[in-house]
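This report goes through one protein model, part by part. Please keep the sequence and the 3D view open while reading.

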Amino acid sequence: MLRSIRYGEADRILHLYSKTQGRFGAIAKGARKPKSRFGGRLEPFFRLDLVLHEGRGDLMTVTGVTTLDGYPRLRSSGPALSAGARACDAMLRLLDSAEANQPAYNLLCRYLGLLDDPGQPRAASLEVALSFRLKLALVAGFAPELASCAACGEAEHLTGFSGAAGGVVCGSCEAGSFGLSEEAHRFMVEAMGKPLAEAPEAEPLALRQVERAVGETLEHHAHVQLRAAA
Ligand SMILES: [Zn+2]
């Protein structure tokens, strides 16, 4: 569940992302009545097995719900809640098609699982949030070019990043780019290649550059603007 909105007197409109159908919307009638059979499970982050009825409009109607994972520890931690909310928001903005994208579904589930895991104290860090963003850009088909200049293919002297070009750029192609430190470049390469739980470390300045690089790439190529990562 990415988003749950109060609707009418006692209903909820749900924005969901499913493993098999991608993004869809549903309505849960009577979900806000005190004795609703849906209980308190129609809330963001819940991983659910839903029984759905196809109605007349765009929205499916929820007729049954089983909880697969409620991530209870995530819900009791402010930083984890905030990180989870930003992740769901990024999914809403970037993955809006009713087309299955199992890697995207799995990525979000892994991130929520990490945020729920008491053995993962770094899970709510900016490093992991930015690694999630990079991986989300990758599974959505908007990964920045990091191996060579996105404008001319040059493999050396990569000193800038250009959202318009969609990746790192060399000294000769740096018009319209911003300076990207070696540390920020290394962070992006490592974050894309490693599991979320092993997100690399980096200094705040480098992390700001990474956030800007991902943000500008998605603005230019996916036409979406993400909220601040932290
Ligand atoms: Zn170049």
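Phenylalanine 161 stands opposite phenylalanine 178, which belongs to β8. The model is a predicted one. The strands β6 and β8 run antiparallel and are joined by 2 bridges.

An open sheet is formed by 3 strands, in the order β7-β6-β8, with antiparallel pairing.

## The zinc site

Which protein residues are the donors of the zinc ion? They are Cys149, Cys152, Cys170 and Cys173, each through its SG atom, and they lie 2.3 Å from the ion. The angles subtended by the 4 donor atoms around the zinc ion run from 107 to 115°. Four donors count as tetrahedral if all angles lie between 85 and 135 degrees, so the arrangement here is tetrahedral. For comparison, the ideal angle for four tetrahedral donors at a metal is 109.5 degrees.

Along the sequence, the donor residues of the zinc ion follow the spacing C-x2-C-x17-C-x2-C. Cysteine 149 and cysteine 170 link distant parts of the chain, being 21 residues apart. Cysteine 149 sits in the loop between α4 (126-139) and β6 (158-162), while cysteine 170 is in strand β7 (residues 167-170). Are these two cysteines buried or exposed? Both cysteine 149 and cysteine 170 are buried.

## The largest pocket

The largest pocket has a volume of about 420 Å³. Its lining consists of 23 residues, and those nearest the centre are Tyr17, Ser18, Lys19, Leu48 and Tyr105. Two or more lining residues come from each of β2 (11-18), β4 (47-54) and α3 (102-115). The largest share, 5 residues, is supplied by β4.

What classes of residue make up this lining? The lining of the largest pocket divides into 17 nonpolar, 3 polar and 3 charged residues.

## The second largest pocket

The second largest pocket has a volume of about 150 Å³. It is lined by 13 residues, with Ser77, Ala80, Leu115, Asp117 and Gln120 nearest its centre. At least two residues of this lining come from α2 (78-94), and at least two from α3. By class, the lining of the second largest pocket has 8 nonpolar, 2 polar and 3 charged residues.

Definitions and conventions. Residues numbered from 1 in each chain as written. Predicted model: local features only at pLDDT ≥ 70, side-chain atom pairs only at ≥ 80, totals over all residues. Heavy atoms only, no water. Donors = N, O, S within 2.8 Å, 3.2 Å for Na, K, Ca; no water. Tetrahedral: all angles 85-135°; square planar, octahedral: opposite > 155°, others 65-115°. Helix = DSSP H or I, 4+ residues; strand = E, 2+ residues; numbered from the N terminus. Buried < 20%, exposed > 50% of the residue type's maximum accessible area, 1.4 Å probe, protein only. Pairing = 2+ DSSP bridges. 1 Å grid on protein atoms, 1.4 Å probe; cavity = no way out; pocket = protein on both sides within 12 Å on 5 of 7 lines; lining within 4 Å. Points joined across faces, edges and corners; volume = space filled by probe spheres on them. Nonpolar A, V, L, I, M, F, W, Y, C, P; charged D, E, K, R; others polar.
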